[in-house]
Amino acid sequence: PFLVAGTPVGKTVSLQVLRGKKATALPVTIEKMQEEEAVASNSEKGDLGLTVEQITPELAENLGLDRTRGVVIRAVAPDSLGEEAGLQPGDIIREIDRKPIRDLSDYKNIMASAVQQKSVLFLIQRQDNTIFLALRNEG
């Protein structure tokens, strides 16, 4: 983190990583960090409590993912509908109400209508498992 913070945006540096027991040098170009996207519903209980971020190739590599599509949950607010449903930071949202989530735009469009429903079905990838979680909005 200190190396990255002290390196100008746009500069390419060599970064040494360990894979297994072998050290490999990789060229890395420093980019400005994109803002995370906070998402809220219009329900009486308040927002869903989710902070999500679009999966980029760099993020996919850091998370050990084989695909770069979807959004990852970065934070879940305590006592929120998201926490109540069992959503966790690190979960990859693959579908909402059986509609694929390829990027942040898909997420926003589908969530805009989904939060008005009594329940919303999420298809989540959690590490090596794929699970369905239902978010119940009874407010």
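Helices (H or I, at least four residues) and strands (E, at least two) are DSSP runs, numbered from the N terminus. The structure described here is a predicted model, in which local features need pLDDT of at least 70, side-chain atom pairs count only at pLDDT 80 or more, and totals for chains, interfaces and linings use all residues. Residues are numbered from 1 along each chain as its sequence is written, and side-chain values use heavy atoms, with hydrogens and water left out.

Strand β8 spans residues 119–126 and contains Q125. With a relative accessibility of 14%, Q125 is classed as buried (under 20% relative accessible area, with exposed over 50% and partly exposed in between; 1.4 Å probe, protein chains only). Residues up to four places away in sequence aside, Q125 touches L65, R67, G90, D91, I92, R94 and T130, where contact means heavy atoms within 4.5 Å. A polar atom of the Q125 side chain also lies 3.5 Å from the backbone oxygen of Q127. A polar contact is a pair of N or O atoms within 3.5 Å; within protein, one must be able to donate a hydrogen and the other to accept it, and residues adjacent in sequence count only if both atoms are side-chain atoms.

R126 is likewise found in strand β8. The side chain of R126 reaches the backbone oxygen of G86 at 2.8 Å. Beyond neighbours within four places in sequence, the contacts of R126 are G86, L87, Q88, D91, I131 and L133. I131 belongs to strand β9 (residues 129–136) and, at 27% relative accessibility, counts as partly exposed. With residues up to four places away in sequence not counted, I131 touches F122, L123, I124 and R126. The C-alpha atoms of I131 and R94 are 9.9 Å apart, although 37 residues separate the two along the chain.

Three salt bridges are present in the structure, each defined as a side-chain nitrogen of Lys or Arg within 4 Å of a carboxyl oxygen of Asp or Glu. One of them joins the side chains of D91 and R126 (2.7 Å, N to O). D91 lies in the loop between α3 (81–85) and β6 (92–96) and R126 in strand β8, so this pair ties together parts that are 35 residues apart in sequence. D91 is buried, with a relative accessible area of 1%.

The side chains of E53 and R74 form another salt bridge (2.8 Å, N to O). This pair links distant parts of the chain, with E53 in strand β4 (residues 50–54) and R74 in strand β5 (residues 71–76), 21 residues apart. E53 is buried at 15% relative accessibility, whereas R74 is partly exposed at 34%. A salt bridge also connects the side chains of R102 and D106 (3.4 Å, N to O). Here R102 is partly exposed at 43% relative accessibility, while D106 is buried, with a relative accessible area of 13%.

The second largest pocket has a volume of about 200 Å³. Thirteen residues line this pocket, and L63, L65, Q125, R126 and Q127 are the closest to its centre. On a 1 Å grid over the protein atoms alone, a pocket is an open set of points where a 1.4 Å probe fits, with protein on both sides within 12 Å along at least five of seven lines; lining residues have an atom within 4 Å of a point. Grid points are joined across faces, edges and corners, and a volume is the space filled by probe spheres set on the points. By class, the lining comprises four nonpolar, five polar and four charged residues (nonpolar: Ala, Val, Leu, Ile, Met, Phe, Trp, Tyr, Cys and Pro; charged: Asp, Glu, Lys and Arg; polar: the others, Gly among them).
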